Amino acid sequence: MKQYLDLCQRIIDEGHWVENKRTGKRCLTVIDADLEYNVAANEFPLITTRKSFYKAAIAEFLGYIRGYDNAADFRKLGAKTWDANANENAAWLANEHRKGSDDMGRVYGVQGRSWAKPDGGSVDQLRKIVDNLKNGIDDRGEILSFYNPGEFHMGCLRPCMHTHTFSLLGDTLYLTSYQRSCDVPLGLNFNQVQVFFFLAIMAQITGNKPGKAYHKIVNAHIYEDQLPLMRDVQLKREPFPSPKLIINPAIKSLEDLETWVTMDDFQVEGYQHHEPIAYPFSV
Ligand SMILES: Nc1nc(=O)c2c([nH]1)NC[C@@H]1CN(c3ccc(C(=O)N[C@@H](CCC(=O)O)C(=O)O)cc3)CN21
Ligand SMILES: O=c1ccn([C@H]2C[C@H](O)[C@@H](COP(=O)(O)O)O2)c(=O)[nH]1
């Protein structure tokens, strides 16, 4: 929690104002932030200085694991996070590749599970990683990349957290996640949970022990309309200790994640938090 608050304070103390064309808003911005999560000790990096809706964050990531491309499927799992980008951004609404209401196009999980090959067929990046890690193999290329510039024009948003690299040292699994653009009040609140969850669940379904997760962010920003709430409300609050994430031990495979898992399979223990804060969202 301290590293999150330190990053927020750093943006306020050292940030530069940058115009953003896509949203028409200015962002207070810093470049380069490194966060670290101790998954081995189950120190779940849930924000405590406001109420965090962690189930929506896990639901969103489970949707990526399943290769979803439709905001309605995310809603069914418990995440409304893609409604606006799928249905309210003018450039995407006018895009000839949009297949109607709720379509997100070829983003995130679509690339993760079925990256189109130029010579036909597709690559399931996640399946290969799971199979290798289950057999104790780290070929130094256990990389899941959502970043496919050849198909940016076929999706509603370029992926923000775009690459996840897994590493094995003996039977301890590590994760390094890269993010190109980070909405610190809203997006990071979810992304921290997702990086932690991804390592924890991958360790569980591949029979390894979780180690640490490393989260590397390039452009970290606060939108101008979020700044007063962050500076004058959230940063004035004292954090509580980290809670723990409890995952149903019956989840044993990628197929389990693809078929029967719901948000009831995830619980948080010992979550003490301050009042919610409704930050403005920029589409
Ligand atoms: N400007 C922007 N920021 C983002 O963080 C973001 C995007 N766009 N577009 C794509 C996804 C969607 N994400 C989102 C979208 C909405 C919330 C949000 O409204 N969160 C609320 C509560 C949500 C709930 O009740 O489930 C929050 O207070 O955290 C968070 C992340 C993250 N990403
Ligand atoms: O997982 C996510 C997804 C999105 N964001 C934020 C970061 C930016 O504020 C916007 C994306 O806008 P771009 O113009 O494409 O950078 O969404 C996030 O923080 N986390």
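Visitor: Which polar backbone atom is 2.8 Å from an oxygen atom of ligand 2?
Guide: That of Asp-183; a polar contact here is a pair of N or O atoms within 3.5 Å. The model is predicted, with pLDDT of at least 70 needed for local features and 80 or more for side-chain atom pairs, while totals for chains, interfaces and linings use all residues. Residues are numbered from 1 along each chain as written, ligands are numbered from 1 in written order, and side-chain values leave out hydrogens and water.

Visitor: What does His-221 do at ligand 2?
Guide: One of its polar side-chain atoms lies 2.7 Å from an oxygen atom of ligand 2. The protein buries 87% of the 460 Å² that ligand 2 exposes when taken alone (Shrake-Rupley areas, 1.4 Å probe).

Visitor: Which element gives the largest share of that shell?
Guide: Strand E7 (172–183), with 5 residues. Strands are DSSP runs of E, at least two residues, and helices are runs of H or I, at least four.

Visitor: Now ligand 1. How many residues surround it?
Guide: 16, with Arg-50, Asn-85, Asp-183, Gly-187 and Ser-282 the closest; a residue counts if a heavy atom lies within 4 Å.

Visitor: Which atoms of Asn-85 and Ser-282 face a nitrogen atom there?
Guide: For Asn-85, a polar side-chain atom at 2.7 Å. For Ser-282, a backbone N or O atom at 2.9 Å.

Note on methods:
A polar contact is a pair of N or O atoms within 3.5 Å; within protein, one must be able to donate a hydrogen and the other to accept it, and residues adjacent in sequence count only if both atoms are side-chain atoms.
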